[in-house]
Amino acid sequence: MIQTGFSGGRNKGKDTPIEVKVEVVWGHAYLAYVSMGIHDCGNPIILRDGTVAIYKFENYLVEKPDQCHKESIVDKGKMDVVWHMAEAFAKATTFDSIRIDIFIPENGDPREAVINEISLSSGAGYAWHWEFFTKLWVDGYKARKLRRSIGKVPPVANFQESVEKIAHGKEWYAKEYSKCNPKFISDAMLKEFC
């Protein structure tokens, strides 16, 4: 989805971006890794159920709750926008697995979030989530194989359609995917596309 850049920054008087790396498998966001978050709060993993945890090595891997990011990101509803945006991009592009990095404003309106970059393979540390994340991906291919074995055709990617969705990203995201829902799109996008 073609967007303008994030308007904040680390300069005085600007909103600081929080970078959230969202892993999406088969169109569904599995987890988000906060790589550039609230100052002095660490880099937690956020799950769809609202769990926020930091993983640290203390002779072995230990999971610790992270209240700082839970209060500042999850409890303020910012993840609703992040999950929605990441799944929209993944579905538009028909990737089986993709990491979508999103900037959200630390203090501003989360609907002003923008996609920073995408990655087809991630080097982020997901602790023991790797095993389950990988299983979800493999299970999708097993399900496709099973559909073929019983004479059903699995969904087929239409790359021309994907290119058109991305080329008309803002409009497609606002009108088609988000259905002009003000919970997910900014006032400026509502005015321009809805």
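Trp-26 is found in the loop between strand β1 (17–25) and strand β2 (28–36), where helices (H or I, at least four residues) and strands (E, at least two) are DSSP runs numbered from the N terminus. The structure is a predicted model, in which local features need pLDDT of at least 70 and side-chain atom pairs count only at pLDDT 80 or more, while totals for chains, interfaces and linings use all residues. Residues are numbered from 1 along each chain as its sequence is written, and side-chain values use heavy atoms, with hydrogens and water left out.

Although Trp-26 is not a glycine, it has a positive phi of about 50 degrees. Its relative accessibility is 29%, so Trp-26 counts as partly exposed (buried means under 20% relative accessible area, exposed over 50%, and partly exposed in between, with a 1.4 Å probe and protein chains only). Cys-180, likewise not a glycine, has a positive phi of about 55 degrees; it is found in the loop between α5 and α6 (187–193) and is partly exposed, with a relative accessible area of 24%.

The axes of helix α2 (residues 78–93) and helix α5 (residues 169–177) come within 11 Å and cross at roughly 105 degrees, the axes being lines fitted to C-alpha atoms, for helices over the stretch in contact, and angles running from 0 to 180 degrees between N-to-C directions. Helix α2 is therefore roughly perpendicular to α5, a term that covers angles of 65 to 115 degrees. The contact (heavy atoms within 4.5 Å) is made by Val-81, His-84, Met-85, Glu-87, Ala-88, Lys-91 and Ala-92 of α2 together with Trp-172, Tyr-173 and Tyr-177 of α5.

Notes
Angles under 35 degrees count as roughly parallel, over 145 as roughly antiparallel, 65 to 115 as roughly perpendicular and the rest as oblique.
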